[in-house]
Amino acid sequence: MKRIVLTVVLLASLFAAKAQPGYVPSEENLEARKEFSEARFGIFIHWGIYSMLGDGEWVMNNRDISYEEYKNLAGGFYPSKFDAEQWVKAFKGAGAKYMTVTSRHHDGFSMFKTEQSGYNVVDGTPFGRDVIGELYEACEKEGIKLHLYYSQLDWGRNDYYPRGNTGHESGRPDSGDWNEYKDFMYAQLTELLTRYPNIGAIWYDGMWDKQPEDRQEWKSMWDLDRQYELIHSLSPSCLVASNHHSAPFEGEDFQIFERDVPGENKSGFSAGQKITSLPLETCDILGASWGYDICKDGDYKPLSEIVGLIARSAGKGANLLLNIGPRPDGSIPEKGLELLEKIGVWMDRYGETIYATQGGCIPEQSWGVTTQKADVLYVHVLNHEDTIFLPLTGNKLVSAGLFDGSGPVKASQYKEGIVLTLPKPAEDTPDMIVELRFKNNL
Ligand code: GLC
């Protein structure tokens, strides 16, 4: 069975790869894509020296802080409460199958030991510990995958030149060698993937900072072929993705949507981003920003909204990557930990309707979404309606009931579709899940 599934995924991916001439994903890569697609839920961490200012990860740009001033933050960075294992255990407990962490954000500060610059957490702070290394060890121990966010944009380096659209007040000179900058990224990625060989993905961000109109020009300006080939050759199972807010480029292994479930454009980042046949991931924030915001510490989305996001992403065949910004002392706000625990309880009970499912054959409706697995359709009722109609024909309904067995559901099948009469949900039910079994696979 496993082999059949793998062959199907292989064929599907080869088909997807056909649209991207030149890049043929390796077998390890296809296996990794499959594992990734089944994961459905990951935790995103934005953490760096910016957390000390408690105003999000863009603070250097937003407050026009020069690099010379900003870099002093590193001298005071001592997150005494940082405990990689505690973090990873909390994420795993929430039901996350992987975590993605900022190894280097737009401020240019590396949260790992690097020979390419002293501006890193080991050599440039009194803390002196390799945050990424410790998270890598903890993830390996707990059996979840570590993905690395890596910013292509840099507000600190002179060789990030010509300048892009952001970071203009950082005080850098109006000169610099762009090729040197790209060599620097190349060398850092080599370090990361050699030192931590089991990294699950490199999650690029920031190439939108310099974006010529022509896509080919854009791609070659950033040397994507060279970077992607490097990653795939150093670590064949490492997936490549980039948050460039446009259709995937050749060499990318999954497609990212920022703050939008695929198909939406509420964030303003997803206009014209067609959904491709690559695995999908949507990233969103638990609180008010990606990086820690001291004025909104603990100001998080309610559980019902998070469950809705998980279900709606899965309904579109996408993973949800949910972000938390830890405090500068290395702790995760208590309210965040409480929420993670609650998500974990929900995932424990209802994960079967999310993990390793496919997006449902019925598109999103006013009441909610569907996910499916073989001959089972999971109907996620996120907004209660007494009766709902499923335009599903040609497959005999065998049984219908609430997934958690807490009550009967009346289902009537007609030529045009199925009508479900739903019981009243208990007040704190974020997602009433109906399980429908059919005679044949959907
Ligand atoms: C945006 C922001 C960045 C954040 C990212 C996460 O690109 O620039 O701060 O890391 O989104 O998706």
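This is a predicted model: local features need pLDDT of at least 70, side-chain atom pairs count only at pLDDT 80 or more; totals for chains, interfaces and linings use all residues.
Side-chain values use heavy atoms, with hydrogens and water left out.

View 1. Helices (H or I, at least four residues) and strands (E, at least two) are DSSP runs, numbered from the N terminus. Within H5, which spans residues 84-93, the residues Ala84, Trp87, Val88 and Phe91 are buried, where buried means under 20% relative accessible area, exposed over 50%, and partly exposed in between (1.4 Å probe, protein chains only). Seen down the axis of H5, its buried residues fall within an arc of 90 degrees, so they line one face of the helix; the arc is that of the directions from the helix axis to the C-beta atoms. Their cover includes strand S1 (41-45), strand S2 (98-104), helix H6 (131-142) and helix H11 (334-350).

View 2. The ligand is surrounded by 13 residues, of which His46, Glu57, Trp58, His105 and Glu258 are the closest; a residue is near a molecule if one of its heavy atoms lies within 4 Å of it. By class, this shell has six nonpolar, four polar and three charged residues, with Ala, Val, Leu, Ile, Met, Phe, Trp, Tyr, Cys and Pro counted as nonpolar, Asp, Glu, Lys and Arg as charged, and the others, Gly among them, as polar. A polar side-chain atom of Tyr149 lies 3.4 Å from an oxygen atom of the ligand, that of Asn243 lies 3.4 Å from a ligand oxygen atom, and that of Asp205 lies 3.0 Å from a ligand oxygen atom. Taken alone, the ligand exposes 310 Å², and the protein buries 96% of that, by the Shrake-Rupley method with a 1.4 Å probe.

**View 3. Gln255 in strand S6.** Gln255 lies in strand S6 and, at 1% relative accessibility, counts as buried. Its side chain makes a polar contact of 2.8 Å with the side chain of Gln273, and a polar contact of 2.8 Å also joins the side chains of Gln255 and Thr276. A polar contact is a pair of N or O atoms within 3.5 Å; within protein, one must be able to donate a hydrogen and the other to accept it, and residues adjacent in sequence count only if both atoms are side-chain atoms. Leaving aside residues up to four places away in sequence, Gln255 touches residues including Pro248, Lys274, Ile275 and Leu278, contact meaning heavy atoms within 4.5 Å.

View 4. Most residues other than glycine have a negative phi, and most peptide bonds are trans. The peptide bond from Tyr161 to Pro162 is cis, with omega near 5 degrees, and Pro162 is found in the loop between strand S3 (145-151) and helix H7 (178-195). Asp223 has a positive phi of about 55 degrees although it is not a glycine; Asp223 sits in the loop between helix H8 (215-221) and helix H9 (224-234) and is partly exposed, at 26% relative accessibility. His245, also not a glycine, has a positive phi of about 65 degrees, lies in the loop between strand S5 (239-243) and strand S6 (255-258), and counts as buried at 16% relative accessibility.

Key. Residues are numbered from 1 along each chain as its sequence is written.
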